[in-house]
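Here is a short tour to read alongside the structure. Keep the viewer open and follow along.

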Amino acid sequence: MAENLIIDNGNKAEKYATLLPQIAALIDHDADLIANMANIAACLKMTFDFWWVGFYRVKDGELVLAPFQGPLACTRIKRGRGVCGTAWDRSETIVVEDVEQFPGHIACSSASKSEIVVPVFKGDEVVAVLDIDSDRLATFDATDREWLEKIASLLYAEME
Ligand code: SME
């Protein structure tokens, strides 16, 4: 059962605190959005071994799959649909402890048990979302929200 335990919060916060300046430095050195998204997804996957980490970009009124790490995923999500489309619509982070309890959750993989979706803002506008799926229940909490929002905010803070 040990592998089903939720990651210790202190440990998790320390990992994020180490990771954040590393990602900030990566973004400083490469001003291409797709390249930056790809490296952020890779850093998060390597650090936490999440089941799926990636981005969807707002394109032509939909979310379209962008760089990710993990199994293949659906390519388009409409506004207000699923966790991603809802986070976009509400312009706020959504933490889902059990995806089966989230009405309209889009199951790209049956292994996904919990999820966090963080909007990426360019000014006041949501232009993408950062989506992370876990194969365990209740993986994400306020610590993930806090740090992932900081990571997501780096993308455009550094590029404008
Ligand atoms: N579960 C998401 C869809 C994207 S995949 O998890 C990669 C959702 O409900 O929006």
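Predicted model: local features only at pLDDT ≥ 70, side-chain atom pairs only at ≥ 80, totals over all residues.

Residues are numbered from 1 along each chain as its sequence is written, and side-chain values use heavy atoms, with hydrogens and water left out.

**The ligand site**

Let us begin with the ligand, which sits in the largest cavity. A cavity here is a set of points, on a 1 Å grid over the protein atoms alone, where a 1.4 Å probe fits but cannot get out; a molecule sits in it if more than half of its atoms lie within 2 Å of its grid points. Strand E1 (52-59), helix H3 (82-90) and strand E6 (125-134) are the elements that give two or more residues to the shell around the ligand. Of these, H3 gives the most, with three residues. Helices (H or I, at least four residues) and strands (E, at least two) are DSSP runs, numbered from the N terminus.

The ligand is surrounded by 13 residues, and Val83, Cys84, Ile106, Glu115 and Asp133 are the closest; a residue counts if one of its heavy atoms lies within 4 Å. The table lists polar contacts, meaning pairs of N or O atoms within 3.5 Å.

| Residue | Protein atom | Ligand atom | Distance |
|---|---|---|---|
| Valine 83 | backbone N or O | oxygen | 2.9 Å |
| Glutamate 115 | polar side-chain atom | nitrogen | 3.0 Å |
| Aspartate 131 | side-chain N or O | oxygen | 3.4 Å |

Taken alone, the ligand exposes 300 Å², and the protein buries 99% of that. Accessible areas come from the Shrake-Rupley method with a 1.4 Å probe.

**Helix H4**

Aspartate 141 caps its N-terminal end, with a side-chain oxygen 2.9 Å from the backbone nitrogen of threonine 143. The buried residues of H4 (under 20% relative accessible area) include Thr143, Trp147, Leu148, Ile151 and Tyr156.

**Two loop residues**

Most residues other than glycine have a negative phi. Aspartate 60, in the loop between E1 and strand E2 (62-69), has a positive phi of about 50 degrees. Aspartate 60 is exposed (over 50%), at a relative accessible area of 75%. Serine 91, in the loop between H3 and strand E4 (94-96), also has a positive phi, of about 55 degrees.

Terms used:
Buried < 20%, exposed > 50% of the residue type's maximum accessible area, 1.4 Å probe, protein only. Polar contact = N/O pair within 3.5 Å; in protein donor to acceptor, adjacent residues only side chain to side chain. 1 Å grid on protein atoms, 1.4 Å probe; cavity = no way out; pocket = protein on both sides within 12 Å on 5 of 7 lines; lining within 4 Å.
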